[in-house]
Amino acid sequence: MTHTNISQAEKQQPRRILMVAGLASSLQNFRGPLIKAMIARGHDVHVAAPDLMIDAGTCAWLAEVGATGHDITLSRAGLSPINDSKSLLQLYLLMRKIKPDLFIGYTIKPVIWGLLAAGWAQVPQRVSLITGLGYAFMKSSDTKRRLIQSLVHFLYRQALRQSTLVFFQNPDDAADFRDLGILTEEQRVVLVNGSGVDLSQFEQTPMPPLPLKFLFIGRIIVDKGIREFAEAAKRVRACYPEVRFDVVGGLDSNPTALSEAEIQGWVDDERLSWHGALSDVRPSISDSHVLILPSYREGTPRSVLEAMAMGRAVITSDAPGCRETIEAGCNGKLVPVRDVGALVLAIESMIAAPDSVVRMGRAGRDLAVSKYDVHKVNAEMLSAMGL
């Protein structure tokens, strides 16, 4: 990792900043504290996302904190030469209009098309946040998926040539980008502890009464390990029918998204309860003992950080982004990716020793405070960007 020294005069100079997101609500939910911190330091913050102007809640929040919003046309899923070219042109014209000193993009399309537009528009500072690699970096024998992956790797390679700073949330993602030739050795890279978690919003709460309740929070897609969670729930409830398994998450447009019929089948055979997407997951976390995320790969999983902050034990995969959140035996357990048997054993070990779940939950809160406090994470990012 390399670092560039930024003068005190540069740090104190107000900047005009444009942040581009693929989902309007994520501006408040995932980047709210960062946006507020930039505004508090005197910077003129603009944000852009698809359908932003019809998201009344996000627009009201932006007005309250003093950020300026812009609508853009950007499809989160799929690759379309015509639609993506429109997005690129629209971003370029927006940058020519507002003339930002610094561009920040996060998630795949805002990073790729945003960086290309920012380079074209000669934005001085161009920052990318790699918040996870997902579908385009999962190993697969499927020909169509491999073709898409090759194209995405090419686009990332071209776009990141325009980046003056790249943030990663785990060392595996950075290493993979180097190995694939997407990053050059000279590019400036900074590693941060995910997006952080707001400890004042996600406060530690007492454990609910026994029997144990296990919770999955995430998009309902194969790569999150939802099928492994469902199969483990079926096997465990065959022996421990009193134990509960809950799923919080909505249907998705991702290529690996599950159908509503498949999820409803799991509900019908009483292996789990499905609560859909929730705007506030805190009551669900508070009503659980253990958060389970058997994901195949993450940047740094937000659901795990939120559960840790609320004092819950965690079972997650020994996979990039997930493994960094667990100190084995301290705040939770790691299981191999796609290994339902190992997941069942981890669950049963917690059922057999509920006192250990309480201890792990306390340790998780301590780790969230020391390592994942959103204000600490944002301070590192602001320093790296010279803000």
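This is a predicted model: local features need pLDDT of at least 70, side-chain atom pairs count only at pLDDT 80 or more; totals for chains, interfaces and linings use all residues.
Helix α13 itself runs over residues 340–352, and its 13 residues reach 18 Å from the first C-alpha to the last, close to the 18 Å expected at 1.5 Å a residue. Its buried residues are Val340, Ala342, Leu343, Val344, Ala346, Ile347, Met350 and Ile351.

Now for the rings. The structure holds six aromatic pairs. One of them joins Tyr156 and Phe177 edge-to-face, at 5.1 Å centre to centre and with 65 degrees between the planes. Tyr156 belongs to helix α7 (residues 143–160) and Phe177 to helix α8 (residues 171–179), so this pair ties together parts that are 21 residues apart in sequence. Tyr156 is buried, with a relative accessible area of 3%, and Phe177 is buried too, at 0%.

Phe216 and Phe229 make a tilted pair, because their planes are at 50 degrees, with ring centres 5.6 Å apart. Phe216 sits in strand β8 (residues 213–217) and Phe229 in helix α9 (residues 226–239), 13 residues apart. Both Phe216 and Phe229 are buried. Ring pairs also bring in Phe214 and Phe245, making a cluster with Phe216 and Phe229.

Finally, look for charges over rings. The charged end of Arg338 sits over the ring of Tyr296, 4.0 Å from its centre. Arg282 places its charged end over the ring of Phe202, 5.9 Å from the centre.

Terms used
Residues are numbered from 1 along each chain as its sequence is written. Side-chain values use heavy atoms; hydrogens and water are left out. Helices (H or I, at least four residues) and strands (E, at least two) are DSSP runs, numbered from the N terminus. The expected span of a helix is 1.5 Å times one less than its number of residues. Buried means under 20% relative accessible area, exposed over 50%, partly exposed in between (1.4 Å probe, protein chains only). Rings of Phe, Tyr and Trp (its six-membered ring) pair if their centres lie within 6.5 Å; planes under 30 degrees apart count as stacked, over 60 as edge-to-face and the rest as tilted. A charge sits over a ring if NZ of Lys or CZ of Arg is within 6 Å of the ring centre and within 35 degrees of the ring normal.
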